[in-house]
Amino acid sequence: MFDFRSDTVTKPTQAMRAFMMEAEVGDDVYEDDPTLKRLEKHVAHLTGFEDALFVLSGTMGNQLAIMCHTQKGDGVLMHANAHVNRYEVGAISLLSSVYPQLVYNDSGYLSKDDLDKYRGMDNIHFPRISCVVVENALGDGRVVSIKDMDDIIHQAHSDGYKVHMDGARLFNAHITLNAPLKDVISQADSLMFCLSKGLGAPIGSMLCGSKRLIAQARRYRKMLGGGIRQGGILAAAGLYALEHHVERLIEDHHRANLIAQHLVQSGYEVLLTHRDINMVYFKLQPHHNEKQWLHDARDFDVLLSPSTQGWLRLVTHLDINDEAIMRFIQFINAQKQLD
Ligand SMILES: Cc1ncc(COP(=O)(O)O)c(C=O)c1O
């Protein structure tokens with residue numbers, strides 16, 4: 001099966017597994033796992049933050065950041081579409097006892113202008129906003145420009161807020177923007193990025209921030225049951241991914257382009273405004289029956305998730321090679337013959 005459901009489905013390559021096998025390990029709760037230390041140091045250097053922490057998932061990294069940036073009763077400002085708001089089980093309310101101050105706008109992501117509305121709200125009636133959450137790449141396949149991100153972060157800082165960047169797919173944004181990683185991160189106060197999506201590691205994300213923030217996050221991580229013992233085996237996968245799987249993301253973006261082009265040529269509606277990274281959003285044609293279409297796709301070894309609000313999402317990644325693209329194209333062509 002060629003699994004186009006998500007870039008989280010990748011399996012570690014043989015080379016990554018071999019590298020993991022060789023990892024030197026220790027007990028990270030005692031902070032003496034040398035491979036984890038190496039990864040954290042490497043990531044801090046790469047991203048320009050003082051320190052970094054290996055965490056078990058993107059959700060854990062986002063939640064730890066918010067725990068560190070806020071006090072009970074604060075407001076966290078973010079677009080309603082943010083992963084932190086929509087897909088993290090409402091955890092900020094439970095773990096940080098904070099109020100999600102949600103922005104709704106046409107663009108679907110937070111911009112500098114959205115902050116204007118909240119500037120006069122620092123009074124007894126409203127939660128005190130202490131943290132803003134931004135995302136890049138966005139979960140819907142778009143990338144925010146460096147200028148827009150700089151503008152919002154600068155404004156948030158002027159307004160006295162900390163900024164956390166959810167960069168689950170930071171490296172996809174970095175490749176698309178063709179800009180230094182530090183420019184993509186801008187002046188965010190903390191950053192989470194995932195090793196286990198496009199980068200192809202089996203588990204893990206990184207939280208980056210000041211030494212103080214990371215020391216606090218390390219305590220909170222332990223509190224949540226995330227104290228990692230011989231984590232060097234996992235850290236080795238992260239080190240391997242950062243060394244070998246960043247530049248190749250361009251191939252995923254290119255393959256997603258090929259698929260988008262073929263879908264358009266074959267009469268499907270493709271959400272071209274959301275074609276920045278490794279995701280393709282498209283609609284079936286009116287005469288298609290989705291259940292049947294997805295079933296027929298499986299006969300071509302093509303696996304896709306059901307649609308959300310009419311849009312199917314297809315994701316390319318490390319395990320989607322040229323053969324997978326060929327199979328998808330063959331399937332679309334076979335469907336055309338049936339029409
Ligand atoms: C934008 C974004 N942030 C955070 C996450 C959370 O990552 P995880 O699934 O590792 O918790 C995801 C996962 O898909 C995501 O797309």
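R221 sits in helix α10. Helices are DSSP runs of H or I with at least four residues, strands are runs of E with at least two, and both are numbered from the N terminus. The model is a predicted one, where local features need pLDDT of at least 70, side-chain atom pairs count only at pLDDT 80 or more, and totals for chains, interfaces and linings use all residues. Residues are numbered from 1 along each chain as its sequence is written, and side-chain values use heavy atoms, leaving out hydrogens and water.

What does the R221 side chain make a polar contact with? The partner is the side chain of D28, at 3.0 Å. A polar contact is a pair of N or O atoms within 3.5 Å; within protein, one must be able to donate a hydrogen and the other to accept it, and residues adjacent in sequence count only if both atoms are side-chain atoms. Setting aside neighbours within four places in sequence, R221 also touches residues including L53, F54, V55, M60 and L64, where contact means heavy atoms within 4.5 Å.

Next, two helices whose lengths can be checked. The expected span is 1.5 Å times one less than the number of residues.

| Helix | Residues in helix | Expected span | End-to-end C-alpha distance |
|---|---|---|---|
| α2 | 14 residues | 20 Å | 20 Å |

In α2, the buried residues are T35, L36, L39, E40, V43, A44 and T47. Among the elements covering them are β2, β7, β8, α10 and α11. D33 caps the N-terminal end of α2, with a side-chain oxygen 3.0 Å from the backbone nitrogen of T35. Just past the other end, G48 takes a positive phi of about 85 degrees.

As for α11, its buried residues include G232, A235, Y240 and L242, and the buried residues of α11 pack against α1, α2, α8 and β7.

Lastly, α12 and α14: their axes come within 11 Å and cross at roughly 10 degrees. That makes α12 roughly parallel to α14, a label for angles under 35 degrees; axes are lines fitted to C-alpha atoms over the stretch in contact, with angles running from 0 to 180 degrees between N-to-C directions. Among the residues that meet there are L258, I259 and L263 of α12 and I325, F328 and I329 of α14.

Notes. Buried means under 20% relative accessible area, exposed over 50%, partly exposed in between (1.4 Å probe, protein chains only). Angles under 35 degrees count as roughly parallel, over 145 as roughly antiparallel, 65 to 115 as roughly perpendicular and the rest as oblique.
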